[in-house]
Number of protein chains: 2
Amino acid sequence: MKGGLGLVTLKEFSDLLGLSPTTVSRALGGYPEVSAKTRDRVEVAARTYGYRPNMQAQRLATGRSMAIGHVLPLDRDEMVNPIFGDFLAGAAEVYAQRGYEMVLSIAKPGEAEATYRALADRRRVDAVLLHGPEREDLRPALFDALNVPFVVHGRMLGDTTAQSWLDIDNEGAFAQATAFLCAQGHRRIALINGPAAQGFAYRREQGYRSALAQAGLPVETSLIHADQMTEPKGYLAAVRLLDGPQPPSAFLVSSIMTAMGADRALRERGLTLGLDVDLVTHDDVLSFLPNSGEVPQYTCTRSSVRAAGQRAAEMLMSLIETPDQPPLQDLWQVEFIEGLSTGALSGRSPG
Amino acid sequence: MKGGLGLVTLKEFSDLLGLSPTTVSRALGGYPEVSAKTRDRVEVAARTYGYRPNMQAQRLATGRSMAIGHVLPLDRDEMVNPIFGDFLAGAAEVYAQRGYEMVLSIAKPGEAEATYRALADRRRVDAVLLHGPEREDLRPALFDALNVPFVVHGRMLGDTTAQSWLDIDNEGAFAQATAFLCAQGHRRIALINGPAAQGFAYRREQGYRSALAQAGLPVETSLIHADQMTEPKGYLAAVRLLDGPQPPSAFLVSSIMTAMGADRALRERGLTLGLDVDLVTHDDVLSFLPNSGEVPQYTCTRSSVRAAGQRAAEMLMSLIETPDQPPLQDLWQVEFIEGLSTGALSGRSPG
DNA sequence: CTCCGGATTGCAATCGATTGCAATGGGCAA
DNA sequence: TTGCCCATTGCAATCGATTGCAATCCGGAG
C-alpha cells in the first residue's frame, strides 16, 4: 500500500542505512553534529531511494506549516481582479525557492473575515497576505489577536505605522500624472478611478485633487468617476463624459483595462488619443496586457504588480523568520513613461 | 505561549469537559456512537472556547491532507494566462464548501514536472489539477506512478480514455463558428488562434479546417495565426492580415483579449465590425472582460471558465472520495451567441 | 435480584517526523 | 596502559489528533 516512488518512512529509511532516525533526520536537516561521512551517505541514499520526509509529520513536529495564506477577495459583483494572477505568480516564485507553499482561498464579499480566520485559526499557515485593504478593515486586528504575521498589499487608511505593508505611492503617482497633463495645457481633466471603497482609489483621487489645486484648477466632481476597472466600465465612463455638456480634454485612468474602454469610446467618436485627447493610465505591467515597446501605446505611471508579489513574499518570510522585528514598510515610487496617448495640445505627439 | 484565541489542544479541551479525547473527537467528527446529549455539550463548548482541531495533527493521523494542488504554468515569456483567476475562483469556491484547501504553485517552462512532483511526492495534496495540457505531456504518467488522482483541464492529445478531464468542445465550437461565417457568405476567414503547443488551439484549428472543407472552401495557411492570446498579439496578427495582399473578410479568434486587439486594428483602418468585417471570438466569460449585454459586443462561442473550475473541483473531490471509480470525463458544448461583430455581408447587423 | 446486550465512553497505539539528553566510541595526552 | 574529552550517535518523549478494541453503564427480561 505504500506503493509508488519515494514514499518511505524515516524509520524504514534509517533502518536501511543502519542508522537511527535521529541521525538521518539531522543529516538531512543540515545539523552540524553529523559527521561529513555519514551526511554524504545519507544524502546519496535519500536521492537513490527517493526518500523525502512526510510533510504533515514535519509540520506537526516543528509547529511550522511552511505555508503562506492568500485570500482572493471577490468584489460585490464577484469579479476577480485581474492583477491577482501576476501578483500571485511573483509571490509563488519566491515561496518555491524558499520551500514554502501558497494556500489560496477566495472570499465572497461578506465572508472575508471568516475565510481568513479559518486559515489562521488552525495554524494552517505561518503568515498571511492581505489583499485589497478597505476603509474599515478588521483583518489586521484579527491577525494581531491570532498572533499571525501579515503583510498588507496596499495600505489601510488609518494609522498604519504598526503594520507591515507594501504599497505604491498612489497619491504621488496620480499627482505627477495630473501635473503632467496640466503642464500640457489641459484644464478639464477627467478621472476614471477604481472602486471608491478601495484605499488605493482614495489615494489616487487625493493626488489628482492636490495637483489640480497646485495648478490653480477647480475640482469638478462631474469629471470624477469611480467604478470597477474593466473595459466596459471605462467605455461607459468615457461615453458619459464625452457626450456630456463640457467634455474633458484629457483622461486620467486607473488601469490599462479601463484605458482600453475609454480608448474605444474615443475612437467611436472619431477622436484619436494623443491628437485630439490625452490620456494617462496606471499600468500594473500585467503580463497579458502589455503596454510595452520603445514608446508604449499609453502614457502611464508604471509599477509591476508581479515584482510587488515577489517583494511581499520576501517580507512575509522575513517576518516569519524574525518574529520580533519592527514592521516592514515599502512605499514604491512609480515610473512615469510617456507613450502615444499624450501630446495632443503641445502638438508634440510622438510617432 | 499558547496565546491567542482558539488554540487549545484536544486533550486540554476534553479535560475541560470531563470527557476523553476520543469521545470529543467522535462528537466533533459526527460519529454515530456518541449520545445526542454529549454531542450537544461538546459542540456548544467547542464554539464557546473556540476549539478547533489542529489541522497538521489531523492530517498526520488520517493520512489525508485535505488539500488540492494546482500548478499555474507560465508560458515561454512567463506570461500568466488571465483565465486562471476565474478558474481558480470557481474551484476555490467548491473547496471552501467542502473543507478543502487549495495549494498553488507556479512552474516556469522547464520546471513543471519538478513542481508537480514536489507537490505530490510528500503527500502535501490529495489530488492535483493539471492545467494547460501540452502535446507531449509527462504529467499524467507521473501522477499515475505516484498514485495521486488528477483531473486535466483541457485534454491531452493522445489516448485520453484512461484519464479524467474536463474540456469544452473546442473543435465543435470552432467548426460551428466557421460554418456560421461561411453561411454569412464569407470566403476568406482568418483564424487568430492561441499558441500552437496547446491542445485546445490544435483542436480549434481542426474545427476551423473541417468546417471550411464542409463548405468547399480551401484552407490558406497564410490566414492562420497562432500566438499568445493578448491584445497586442491580436492587433499585430490583424494588421498583418489586413495590410496583406488579400485581406480576409472575417476573423475567427480565440479570446476576447485577442478580439480587442483585432478590433483596434480594424478601427485604425476605418473598418467597423459587423459592417465591414465580421468577427467571432471565443469567450471564456472572464469576470473582468465582460462581453455581456442583451446583444454582446462580440459574436462568440461562450463557455464559463469559472464554471469549469467549479466542476473540475467537484470531479477531483469525487475521485478522492471514491478512488476506484472509472475516469470522469466532461465534454462541454459551448453556447453560440450572435453579437454586434457579425452581420456585415448579410446586412442584418443588429442594433 | 441477577444477568444480558446494546449504547456510550475510554485506553492506548498510531501517524512520521523532531529534538533534549544520555550513551557510545575513538584519539590523544599523561 | 589508562583516562578523559569531544565528536557522533541513539533513546525516548513529543507534537495533536484518530481509531480499533476493551470497558463501562444502563434498563429491562427472566
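The two protein copies meet through the same surface, because 100% of the interface residues of chain B are also interface residues in chain A. Contact here means that the C-beta atoms of two residues, placed from the backbone, lie within 7 Å. The model is predicted: local features need pLDDT of at least 70, side-chain atom pairs count only at pLDDT 80 or more, and totals for chains, interfaces and linings use all residues. Residues are numbered from 1 along each chain as its sequence is written, while chains are lettered from A and ligands numbered from 1 in the order in which they are written.

Confidence was examined for chain A. The pLDDT, the predictor's confidence in each residue from 0 to 100, averages 91 in chain A. A score of at least 70 is reached by 96% of the residues. Residues 1–5 of chain A fall below 50. This stretch has eight contacts in the model beyond near neighbours in sequence.

Symmetry comes next. Two copies of a chain are related by a rotation about an axis and a shift along it. Here, a rotation of 180° with 0.0 Å of shift superposes chain B on chain A, with an RMSD of 0.1 Å. That is the relation of a two-fold axis. Val103(B) comes closest to the axis of the residues of chain B, with its C-alpha at 2.3 Å.

The contact takes 50 residues from chain B and 50 residues from chain A. Several elements of chain B give two or more residues to its side, among them helix H4 (55–62), helix H5 (83–98) and strand S2 (101–107). Helices (H or I, at least four residues) and strands (E, at least two) are DSSP runs, numbered from the N terminus. H5(B) gives the largest share, eight residues. The side of chain B divides into 27 nonpolar, 11 polar and 12 charged residues. Ala, Val, Leu, Ile, Met, Phe, Trp, Tyr, Cys and Pro count as nonpolar, Asp, Glu, Lys and Arg as charged, and the others, Gly among them, as polar.

Strands also pair between the chains. S2(A) and S2(B) run antiparallel over three bridges. Val103(A) stands opposite Val103(B). Two strands pair if DSSP finds at least two bridges between them.

Within chain A, six strands form an open, mixed sheet in the order S7-S6-S8-S9-S10-S12. S7 (224–226) and S12 (335–337) stand at the edges with a single partner strand each, so one side of each is left without a neighbour in the sheet. The twist averages 15° from one strand to the next. S10(A) and S12(A) run antiparallel, joined by three bridges. In S12(A), Phe336(A) is the bridge partner of Thr301(A).

Two helices lie across S6, S7 and S8 of chain A. H9(A), residues 199–214, runs at about 170° to S6(A). H10(A), residues 231–242, runs at about 155° to S6(A). Axes are lines fitted to C-alpha atoms, for helices over the stretch in contact, and angles run from 0 to 180 degrees between N-to-C directions.

A residue is near a strand if its C-beta atom, placed from the backbone, lies within 6 Å of it. DNA strand C is surrounded by 25 residues, and Leu10(A), Ser25(A), Asn54(A), Ala57(A) and Ala61(A) are the closest. H2 and H4 of both chain A and chain B each give two or more residues to this surface. Around DNA strand D there are 25 residues, of which Leu10(B), Ser25(B), Asn54(B), Ala57(B) and Ala61(B) come nearest.

Methods:
Copies are superposed by least squares on the C-alpha atoms of residues with pLDDT of at least 70 in both.
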